Amino acid sequence: MSDSFSNHVIRVLIVDDHAVVRTGLRMLIETRPGLVVVGEAGNRADALAAAARQHPGIILLDLDLGAENGLDFLPELLSTAGESRVIVLTGLRDTEVHHRAVHLGAMGLVLKEQAAEVLLKAIEKVYAGETWLDRTMTASVLAQLARAREARAADPEAAKIATLTEREREVVALVGEGLKNRQIAERLSISETTVRHHLTSIFSKLEVSDRLELLIYAYRHDLATLPR
């Protein structure tokens, strides 16, 4: 290991909903001198609690957490964890998802199909303040960020709307249909608690204070269709 890491222990938090995967990652990471796993979590609540308690240097975040999406709480995770840096570890090859992860604050992205050594190097590099993206993804992300900056300058509302996840857009559309939280939960096969989390995020991103303001905003910006 290089001298830059010889005097530092890199504390890692693993967020993945599969216990077997977490165990395997812990075993892999702790084979590397200077790396130690300080916590594991399988869902949003446990991840936020562990991040607040442990303040890890690196958080490995899987995006697919069963009924939850890691992107939905990535900003909250970063805020809770203080100086932690997030590396998304995912099996998803969706470029749009990768872009959104970076836009929301991830400093690295490693595909699960890549070699173990790639993940270990990514942890060290991101901890040192570098980003970890392959060349193609870097060029694509930079291009998208440039377009996003132009969009914000041209239309601040479009920029707000662009921060919504696909699931959040679905929730907005269903609110526009007049559905209550329980009905939205049933329609999307998620819990009412998850619906409330989505709405809290939506209110924050769109800068609306309540459900009525959200309805007006959604109709005005074609995020929902007026019920007939």
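Contact here means heavy atoms within 4.5 Å. Axes are lines fitted to C-alpha atoms, for helices over the stretch in contact, and angles run from 0 to 180 degrees between N-to-C directions. Helices (H or I, at least four residues) and strands (E, at least two) are DSSP runs, numbered from the N terminus.

The model is predicted: local features need pLDDT of at least 70, side-chain atom pairs pLDDT 80 or more, while totals for chains, interfaces and linings use all residues. Residues are numbered from 1 along each chain as its sequence is written, and side-chain values use heavy atoms, without hydrogens and water.

**Sheet and helices**

H4 lies across E3 and E6, at about 160° to E3. Helix H3 (residues 44–54) lies across E1, E2 and E3, at about 170° to E1. Five strands form an open sheet in the order E2-E1-E3-E6-E7, with parallel pairing; strands pair if DSSP finds at least two bridges between them. E2 (35–41) and E7 (108–111) are the edge strands. The twist averages 25° from one strand to the next. E6 (residues 85–90) and E7 share four bridges. Ile87 has Gly108 of E7 as its bridge partner.

**Pockets**

A pocket is an open set of points on a 1 Å grid over the protein atoms alone, where a 1.4 Å probe fits, with protein on both sides within 12 Å along at least five of seven lines; lining residues have an atom within 4 Å of a point. Volume is the space filled by probe spheres set on the points, which are joined across faces, edges and corners.

| Pocket | Volume |
|---|---|
| Largest pocket | about 470 Å³ |
| Second largest pocket | about 310 Å³ |

H11 gives the second largest pocket six lining residues, the largest share.
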